[in-house]
Each structure stands twice: as structure tokens, then as C-alpha cells.
Amino acid sequence: MIKSTLLQAIDAGANELKKYFNGTFTISNKGTLNDLVTEADHASEKAIFSVIQNNHPDHFILSEETGEMPTASTTKWIIDPIDGTINFANGIPICCVSIGVEQDGKMILGAVYNPFMNEMFIAEKGKGATLNGQKIQVSNKSDILSSCLVTGFPYQYLDTENGPLQIFEKLIRKAIPVRRLGSAALDLCWTAAGRFDGFYEHKLQAWDSAAGFLIVEEAGGKVTDLKGNPYSPYQPGIIATNGKIHASLQGVINGGSL
Ligand code: IPD
Ligand code: CA
Ligand code: CA
């Protein structure tokens, strides 16, 4: 029942993305320059809420543009109505709807859908991860020096030791390809599908990673915080890899050399 609601909800959100993509829509700033929200983000969120609330009116919802809608329920829907909003606003078809379902503090279901590439990633705790119904698995590469990585950068420059630019520079100086798609949820899914060997980012929110984190784990990958502790979507840093390059990438992110 929860899974069918999840699929209906993600479809409802994605229909709004398709409706607005490359059309005209209002865009506003959320505080810092270039941290945008579009009319489509709100429309997607509204469509998703309507499906969830019709089917499970008692469930807790946490969604990027509305925040928390708490209830007494221990089932929580964690929603990013558009992940990759800057891409969306520029007509770049690398964006998605991301919805994770947490029960009693554990992620049990996650779905990420990019309607422009027609790619639907789904994971169910203990049952594996799929892309358009086909099982997916992380890559097999064990040498970080021949890996293909992906990362993202926060909206506000993070001026810290071992910050995003220092790590990026260290990897690039070794000629390791580090892509930047602009959608953390897709970065995670593409790692789950073996297109990337690893993903890291310094500052994410729960809605960016809740679904993708389960998708990587269920595809056989490893997900931790920047220090290597078990991952929680409620803290900012993430390393998600095929498992084999995890220790090397974690070392680099914590000041080690390559
Ligand atoms: C952003 C994207 C981006 C990541 C940012 C996120 P949004 O989410 O996931 O890849 O680098 O940190 O905020 O704003 O497009 O939903
Ligand atoms: Ca996001
Ligand atoms: Ca978003």
C-alpha cells in the first residue's frame, strides 16, 4: 500500500515537472543568490501531498518547500519536489522528484524519477534496487585513481578545512574525473547504477539524500557521513561509493593524500 502510494505520488510530482519544463514559470529566490524555487517546485509538492494525504492522512511529511508537517505517526515521507532546480530552471533535463519513506527512524522505501530521461529508480529495504524494473548494482572498480566520481557544491561557499574546493582540486590534480550533475538524488542513483564509482558532498539536506541513500545501499554500495560513520539524512556530509573505493575517498576527504 505504501509502495503504491509512493509510485502514484512520484508520478503526480513528475507530471508537474513535465508540464512546466521549458515553458514559462515564476522563479523566486529563497535567500542566498541562486538558491531558487520555481512555480513547478510548488506544483510538484502540492500534487505529491495530495496523493499521500488521500491515502495516508495520518502520516508525517517533511518536504523541502513546506518543511515539516508533523503527526504522531512514525512513518515519515521525505520529499524533494524537484532535485536539480537550477538545471530545471535552465531547461537542463537532469532533475528529478525524490521521495523517501522512513519508518521508526529507518529508511524503508525510496524512489527517484527523472521524467526527462524516463528513469525511475526504486529501492525497498532488504529487497534491492531497480532502474525501470531491472536490478541495479554498484560498480566493481577498486582503484580510486581510475574511478569516475561525482560531487556537488552548496549554494553558499563553504570556507572550511578540507572543503568542497580543496577536495575537488586534490582529485582533479590527479586527473580523476569528478563530474557535477547538479542533482544529489541523481548523483546517488547513478552511483547505485554503477555509472559513477563514488559520490561525496559536504552539505545536503534530508530531502536531497533520503531516497538515494537507500537506493545506493540496496544496490550493494556503502553510504556514510564524511567521517565514515553510518549515514543519517539529518546530518550534512555524505560519501556514497561502490564500497571498494570508500576508504580511499574518505581518506582524501579527511586530509589524506592520493
Ligand atoms: C540541490 C542539488 C545539488 C546539490 C545541492 C542541493 P535542489 O538541491 O541536489 O546537486 O549540490 O546541495 O541543494 O536545490 O536542486 O533541490
Ligand atoms: Ca535538493
Ligand atoms: Ca529541491
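Reader: Are D80 and D83 buried or exposed?
Author: Both D80 and D83 are buried, where buried means under 20% relative accessible area, exposed over 50% and partly exposed in between, with a 1.4 Å probe and protein chains only. D80 counts as buried because its relative accessibility is 0%.

Reader: What conventions apply here?
Author: This is a predicted model, in which local features need pLDDT of at least 70 and side-chain atom pairs count only at pLDDT 80 or more, while totals for chains, interfaces and linings use all residues. Residues are numbered from 1 along each chain as its sequence is written, chains are lettered from A and ligands numbered from 1 in the order in which they are written, and side-chain values use heavy atoms, with hydrogens and water left out.

Reader: Which residues coordinate the calcium ion (ligand 2)?
Author: The calcium ion (ligand 2) is held by D80 (OD), D83 (OD) and D208 (OD), at 2.1 to 2.2 Å. Donors here are N, O and S atoms within 2.8 Å of the metal, or 3.2 Å for Na, K and Ca; water is not among the atoms, so sites may look incomplete. Along the sequence, the spacing of these donor residues is D-x2-D-x124-D.

Reader: How far apart are the two calcium ions, ligand 2 and ligand 3?
Author: The calcium ions, ligand 2 and ligand 3, are 3.7 Å apart, and D80 coordinates both.

Reader: Turning to pockets, how much space lies in the largest pocket?
Author: The largest pocket holds about 750 Å³ of space. Of its 34 lining residues, the closest to its centre are D35, F153, P154, Y155 and E201. A pocket is defined on a 1 Å grid over the protein atoms alone, as an open set of points where a 1.4 Å probe fits, with protein on both sides within 12 Å along at least five of seven lines; lining residues have an atom within 4 Å of a point. Grid points are joined across faces, edges and corners, and the volume is the space filled by probe spheres set on the points.

Reader: Which elements supply the lining of the largest pocket, and what classes of residue does the lining have?
Author: Strand 5 (75–83), helix 3 (85–89), helix 5 (184–192) and helix 6 (206–218) each contribute at least two residues to that lining. By class, the lining of the largest pocket has eleven nonpolar, eleven polar and twelve charged residues. Ala, Val, Leu, Ile, Met, Phe, Trp, Tyr, Cys and Pro count as nonpolar, Asp, Glu, Lys and Arg as charged, and the others, Gly among them, as polar. At least three lining residues come from each of domain 1 (2–135) and domain 2 (144–253), with domain bounds taken from an automatic or database domain assignment.

Reader: Where does the second largest pocket lie?
Author: The second largest pocket lies between domain 1 (2–135) and domain 2 (144–253), because both give residues to its lining. Its volume is about 170 Å³. The lining includes E102, K125, F213 and Y231, and strand 7 (106–114) and helix 6 are the elements that give two or more residues to it. The lining of the second largest pocket divides into five nonpolar, two polar and four charged residues.

Reader: How do strand 7 and strand 8 pair?
Author: Strand 7 and strand 8 are antiparallel over six bridges; two strands pair if DSSP finds at least two bridges between them. A111 stands opposite I122 in strand 8. Five of the six residues of strand 8 (residues 119–124) are buried. Strand 8 also runs antiparallel to strand 9 (residues 128–131), joined by four bridges, and A123 stands opposite A129 in strand 9.

Reader: Which residue other than glycine has a phi near 65°?
Author: That residue is A175, whose phi is positive. A175 lies in the loop between helix 4 (164–173) and strand 12 (178–179), and is exposed, with a relative accessible area of 64%.
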